[in-house]
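Hello,

Here is the structure I promised to pass on to you. Have a look at it first, and then read my notes below.

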Amino acid sequence: MQIEFDNYSVSLIQEKDAWRMCDFVVSNEERLKAYFPKTLEQNLNPTLSKFFVAKMTKKIVAREEFLFTIKENSNRTIIGFIYVKELDKEKKTGELAYCLGYQYEGKRIMTASIKNLIPWCFNDAKLETLQIIVHNSNMGSKKIAENNGFQWKQTLLEEHTTGNGEILDMELYELQNLALQS
């Protein structure tokens, strides 16, 4: 599964992506510490990344969790990722969690990536509600949610623990599959 737009592509992570994933994580270590500490610790060197990618591909095959990479088409460098996680098969809900390399911020790449991934989430993953959970201070992430039609629902108290142990309240945004409501 690959989605292409502009000079970028979004596709499920593959075993051949391990080295590139390590490169991305190490070069974006500071921004991953707070909100993706487990992804960070599992990709600090190429050997760890190889195990991480193998584990993720098994989860993809089992349809337990999905990890998509965002790559530049010209050089195939990973510039970001999107998890489709916290899948609830009964409620048909899933959470989108994402990170983009600092040098690609402000170019609407993540907004376009999410926009292009939403149909896959509804049609292929068979989800009816997508969630994005962000910290109130993360204005960029809030804009990505809003620009893709997600609506603010509520503040989730003590929802996230950062890599340094700080417990944060988070904001919940949701998007319903409108095709099901007609």
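Leaving out neighbours within four places in sequence, L130 is in contact with G94, L96, I118, C121, F122, F150, Y173, E174 and L175. Please keep in mind that this is a predicted model.

As general background, nonpolar side chains tend to be buried together in soluble globular proteins.

**Helix α1**

Which residues of helix α1 (residues 18-27) are buried? They are A18, M21, C22, F24 and V25. Looking down the axis of α1, you will find these buried residues within an arc of 165°, so they line one face of the helix. Their cover includes the helices α2 (29-35), α3 (37-41) and α4 (46-61), together with the strands β3, β4 (78-88) and β5 (93-100).

**T69 in strand β3**

Strand β3 spans residues 66-72 and holds T69. Is T69 buried or exposed? T69 counts as buried because its relative accessibility is 0%, where the cut-off for buried is under 20%. Not counting residues up to four places away in sequence, T69 touches S9, V10, S11, I13, D17, I78, G80 and F81.

Best wishes

Terms used
Residues are numbered from 1 along each chain as its sequence is written. This is a predicted model: local features need pLDDT of at least 70, side-chain atom pairs count only at pLDDT 80 or more; totals for chains, interfaces and linings use all residues. Side-chain values use heavy atoms; hydrogens and water are left out. Helices (H or I, at least four residues) and strands (E, at least two) are DSSP runs, numbered from the N terminus. Buried means under 20% relative accessible area, exposed over 50%, partly exposed in between (1.4 Å probe, protein chains only). Contact means heavy atoms within 4.5 Å. The arc is that of the directions from the helix axis to the C-beta atoms.
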